[in-house]
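This report describes helix packing and a pocket in a predicted model.

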Amino acid sequence: MSLLPDPSSTPTLAQECGLQRPGQGWWAWLRDPHGMLALLAAVPIWLALALWVGPAMRHPAGVLAWVSFIVIQPVLEELVFRGILQGQALRLSSRQGQALRLGPVTLANVLVTVGFVALHLRAQPLAWALAVAGPSLVLGHLRERMASVWPAMLVHAYYNAGFGLAALLVQT
């Protein structure tokens with residue numbers, strides 16, 4: 001799957017920002033092994049957090065907080081970070097249609113992940129903010145692999161929902 005739009009044509013801003021539907025349909029990314037692995041890998045992490053961190057985990061309080069945590073935050077963060085920032089970073093850091101890589105990840109993904117961690121520093125302690133680096137790299141990889149921000153948005157919502165439910169179950 002392509003990281004960037006076809007270099008023979010001039011991509012639109014919407015294409016650069018990953019705002020088109022992924023691959024061969026909205027849910028086709030679920031058949032991709034990377035998409036499925038991104039979903040399945042979260043379950044043992046939620047369990048490990050529940051066992052290791054336990055009552056220190058915080059969950060949203062109230063319906064509006066849950067809506068914000070599961071819908072609004074993933075949509076806005078993915079549109080800004082994986083859509084606009086990563087899309088433009090991919091464009092600027094690519095040479096002859098190939099994204100620059102730092103090992104298995106693109107430079108664009110690493111730069112956006114640093115920004116994503118920095119955003120979380122304003123509301124979380126350093127260790128919790130650093131903990132979003134892994135999921136951020138996964139979301140960035142999905143955005144690039146599917147050439148769309150939508151799968152990353154859905155997986156982000158799934159990650160937040162699972163984390164919130166794990167925190168809620170630990171506290172009840």
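The sections below treat the basis of the model, the helix contacts and the pocket.

## Basis of the model

The model is predicted, with local features requiring pLDDT of at least 70 and side-chain atom pairs counted only at pLDDT 80 or more, whereas totals for chains, interfaces and linings use all residues. Residues are numbered from 1 along each chain as its sequence is written, and side-chain values use heavy atoms, without hydrogens and water.

Helices are DSSP runs (H or I, at least four residues), numbered from the N terminus.

## Packing of α7 against α8

Helix α7 (residues 133-146) and helix α8 (residues 150-171) have axes that come within 8 Å and cross at roughly 155°. Axes are lines fitted to C-alpha atoms over the stretch in contact, and angles run from 0 to 180 degrees between N-to-C directions. The angle makes α7 roughly antiparallel to α8 (over 145 degrees is roughly antiparallel, under 35 roughly parallel, 65 to 115 roughly perpendicular and the rest oblique).

On α7, the contact (heavy atoms within 4.5 Å) involves Pro-135, Val-138, Leu-139, Leu-142, Arg-143 and Met-146. On α8, Pro-151, Ala-152, Val-155, His-156 and Tyr-159 take part. Nine of these residues are nonpolar, one is polar and one is charged (nonpolar: Ala, Val, Leu, Ile, Met, Phe, Trp, Tyr, Cys and Pro; charged: Asp, Glu, Lys and Arg; polar: the others, Gly among them).

## Packing of α2 against α7

The axes of α2 and α7 lie 10 Å apart at an angle of about 160°, which makes α2 roughly antiparallel to α7. Their crossing is left-handed. His-34, Gly-35 and Ala-38 of α2 meet Val-138, His-141, Leu-142 and Arg-145 of α7.

## The largest pocket

The largest pocket holds about 1300 Å³ of space. On a 1 Å grid over the protein atoms alone, a pocket is an open set of points where a 1.4 Å probe fits, with protein on both sides within 12 Å along at least five of seven lines; lining residues have an atom within 4 Å of a point. The volume is the space filled by probe spheres set on the points, which are joined across faces, edges and corners.

Of the 41 lining residues, His-120, Gln-124, Val-132, Asn-160 and Phe-163 lie nearest the centre of the pocket. Helix α7 supplies the largest share of the lining, six residues. By class, the lining has 30 nonpolar, eight polar and three charged residues.

Methods:
Helix = DSSP H or I, 4+ residues; strand = E, 2+ residues; numbered from the N terminus. Left-handed = near helix turned anticlockwise from the far one by under 90°.
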